[in-house]
Amino acid sequence: MPAVTKPAHETGDFFVDYEEKVFEDVQAREGEKALITFHTVAFEGSIGLVNLLQAKRLKRKGFETSVLLYGPGVTLGVQRGFPKLGDEAFPGHLNFNNQIKGFMEEGGKVYACRFALQALYGHGEPSLIPGIKPISPLDVLDLVLIHRRDGAFILDTWTL
């Protein structure tokens, strides 16, 4: 039987070179925009959280950044908490709320489709995190088209 001769990993060990950056650090040019669309369910995978972090990063790079929550994506923008709104029931329970709030505090805009909010998930506008702008389902496509027309970077977040 083969013997394991390497010592066990210890806290503080490095496994990868996290300092090497291969590509240039791209910053937005004057007036550049970005749109991140979310058609994903909160807590059903990592993509919602990862792309909220990407939205923050785009904002910090100087892009005028907007987030669109539609379909199941509106579940990212609903206020949470247990036993009361704002109470974190377990570590990470409020990660979406906290990321969205932080993004908006940095000047990011967040829009949520009213149709998905009510017809699909049974919530009203008061359920949204304060600062999220509810929009008509007819505005969902137009928001994307406006960003496309303006030459914005668009990142679509989909999960099935």
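Pro 83 sits in the loop between β2 and α2, where helices (H or I, at least four residues) and strands (E, at least two) are DSSP runs numbered from the N terminus. The peptide bond leading from Phe 82 into Pro 83 is cis, and its omega is near 10°. The structure is a predicted model, in which local features need pLDDT of at least 70, side-chain atom pairs count only at pLDDT 80 or more, and totals for chains, interfaces and linings use all residues. Residues are numbered from 1 along each chain as its sequence is written, and side-chain values use heavy atoms, with hydrogens and water left out.

Now for the sheet. Five strands form an open sheet in the order β4-β3-β2-β1-β5, and the pairing is parallel; two strands count as paired if DSSP finds at least two bridges between them. At the edges are β4 (133-135) and β5 (153-158), each of which pairs on one side only. On average, neighbouring strands of this sheet are turned by 20° against each other, direction ignored. For angles like this, axes are lines fitted to C-alpha atoms, for helices over the stretch in contact, and angles run from 0 to 180 degrees between N-to-C directions.

Two helices can be picked out against this sheet. Helix α1 (residues 47-60) packs on it, touching β1 (33-39), β2 and β5, with contact meaning heavy atoms within 4.5 Å. The direction of α1 makes about 170° with that of β1. Helix α4 (residues 137-149) packs on the sheet too, touching β1, β2, β3, β4 and β5, and its direction makes about 145° with that of β1.

Back to the strands themselves. β1 and β2 pair in the parallel sense over six bridges. Along this pairing, Ala 34 stands opposite Thr 65 in β2, and Ile 36 stands opposite Val 67 in β2. Strand β2 (residues 64-69) is also joined to strand β3 (residues 109-113) by four bridges, and these two run parallel. Buried here means under 20% relative accessible area, exposed means over 50%, and partly exposed is in between (1.4 Å probe, protein chains only).

Leu 69 makes a handy example from strand β2. Leu 69 has a relative accessible area of 0%, so it counts as buried. The bridge partner of Leu 69 in β3 is Ala 112. Leaving aside neighbours within four places in sequence, Leu 69 is in contact with Phe 38, Val 74, Leu 76, Gly 77, Val 110, Tyr 111, Ala 112, Cys 113 and Ile 132. Ile 132 is 63 residues away from Leu 69 along the chain, yet their C-alpha atoms are separated by 9.5 Å.

Next comes helix α2 (residues 95-105), which holds Phe 96. The buried residues of α2 are Phe 96, Asn 97, Gln 99, Ile 100, Gly 102, Phe 103 and Met 104, and they pack against α1, β2 and β3. An α-helix has 3.6 residues a turn, so residues three or four places apart point the same way. Phe 96 counts as buried because its relative accessibility is 3%. Neighbours within four places in sequence aside, Phe 96 is in contact with Ala 42, Phe 43, Gly 48, Leu 49, Leu 52 and Leu 76. Just after α2, Gly 107 takes a positive phi of about 100°.

One of those contacts, Phe 43, is found in the loop between β1 and α1. Phe 43 has a phi near 70°, a positive value in a residue other than glycine. At 38% relative accessibility, Phe 43 counts as partly exposed.

Last up is the largest pocket, which holds about 210 Å³ of space. A pocket, on a 1 Å grid over the protein atoms alone, is an open set of points where a 1.4 Å probe fits, with protein on both sides within 12 Å along at least five of seven lines; lining residues have an atom within 4 Å of a point. The volume is the space filled by probe spheres set on the points, which are joined across faces, edges and corners. Among the lining residues are Lys 21, Gln 54, Arg 57 and Phe 153. The elements giving two or more residues to the lining are α1 and β5, and the largest share, three residues, comes from α1.
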